[in-house]
Amino acid sequence: ALRRFKYRELIRIALREFEGRDAEHVILAEWSDCADAILDAAYARAYADTAQRFGAPYIDRATQTPCTGAVIALGKLGSRELNISSDVDLLVLYASDEGGTAGGEIKGITNHEFFVKLTTRFTRFVSAHWNEVLNPNSYLRCVGERMRQVIASRCADVADWCLLLARTDKAAGHRGMSIFV
């Protein structure tokens with residue numbers, strides 16, 4: 001079903017772009033929507049596979065507080081300007097390093113280990129199934145609560161910070177995941 005979706009959307013958007021029926025910003029938004037749908041499906045699959053193997057991640061198992069994650073789109077996808085030849089820059093975030101999994105088919109692991117494994121599966125799934133839509137030159141990072149410090153260390157001043165934030169968008173993952181906790 002997802003492959004049919006991918007090819008149907010590729011043909012539909014490419015024809016509209018070729019015919020010049022829509023403004024450029026409309027076409028770029030449609031390419032971005034298509035990539036978001038693919039990334040969301042890949043994340044859901046990678047999360048389900050990883051949770052089945054190691055158990056779902058929790059910040060606090062006693063209160064059943066889940067550790068949620070999200071894929072943040074940067075660059076052209078983050079600013080909704082993706083085109084067919086764009087590469088995709090992604091950042092994988094999760095809510096907390098505290099806690100871990102209870103175990104699934106295999107023993108429990110830390111939240112950091114869970115999201116590193118999820119990111120690896122997610123990357124492989126996107127690369128194996130959708131190379132034609134999402135350029136495989138993507139990069140992924142897996143960070144927890146230290147998100148603010150990581151971004152702050154990369155941004156020399158307020159202008160850099162604002163530029164980074166202006167070109168981000170949630171592409172996949174848990175609904176309601178806050179980027180900056």
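Reader: Taking buried as under 20% relative accessible area, exposed as over 50% and partly exposed as in between (1.4 Å probe, protein chains only), is Gly78 buried or exposed?
Author: Gly78 counts as buried because its relative accessibility is 5%. This is a predicted model, in which local features need pLDDT of at least 70, side-chain atom pairs count only at pLDDT 80 or more, and totals for chains, interfaces and linings use all residues. Residues are numbered from 1 along each chain as its sequence is written, and side-chain values use heavy atoms, with hydrogens and water left out.

Reader: Which element holds Gly78?
Author: Gly78 lies in helix 3, residues 75–78. Helices (H or I, at least four residues) and strands (E, at least two) are DSSP runs, numbered from the N terminus. The C-alpha atom of Gly78 is 8.9 Å from that of Val88, a residue 10 positions away in sequence.

Reader: What covers the rest of that region, say strand 4?
Author: Strand 4 (residues 87–94) is mostly covered, with 6 of its 8 residues buried. It pairs with strand 3 (residues 69–74) in the antiparallel sense over 6 bridges; two strands pair if DSSP finds at least two bridges between them. Within this pair, Leu90 of strand 4 stands opposite Ala73.

Reader: Changing topic: in what order do the strands of the open sheet come?
Author: The order is 2-1-5, three strands with antiparallel pairing. The edges are strand 2 (65–66) and strand 5 (100–101), each of which pairs on one side only.

Reader: Which residues face Tyr58 across the two pairings?
Author: Tyr58 has Gly100 as its bridge partner in strand 5 and Pro66 as its bridge partner in strand 2. Strand 1 (residues 57–60) is joined to strand 5 by 2 bridges, and 2 bridges also join strand 1 to strand 2. Pro57 stands opposite Thr101 in strand 5.

Reader: Where does a positive phi occur in the hairpin of strands 1 and 2?
Author: Gln64 takes a positive phi near 60 degrees in that hairpin, which has 4 residues between the strands.

Reader: What about the span of helix 2 itself?
Author: Helix 2 covers residues 24–54, and its 31 residues should span 45 Å at 1.5 Å a residue. That expectation is 1.5 Å times one less than the number of residues. The end C-alpha atoms are 44 Å apart, which agrees.

Reader: How many disulfides are there?
Author: The count is 0, where a disulfide is a pair of cysteine sulfur atoms within 2.5 Å. Cys34 counts as buried because its relative accessibility is 2%, and Cys67 is buried at 1%.

Reader: What confidence does the predictor report overall?
Author: The mean pLDDT, the predictor's confidence in each residue from 0 to 100, is 75, and 69% of the residues reach 70 or more. Over residues 136–156 the pLDDT is below 50, yet this stretch has 47 contacts in the model beyond near neighbours in sequence; contact means heavy atoms within 4.5 Å. Where pLDDT is low, the predicted coordinates should not be read in detail.

Reader: Which elements mark the lowest and highest mean pLDDT?
Author: Strand 6 (residues 135–139) has the lowest, 44, and strand 5 the highest, 92.

Reader: And what does the whole protein come to in helices, strands and burial?
Author: The protein has 6 helices and 8 strands, and 39% of its 181 residues count as buried.
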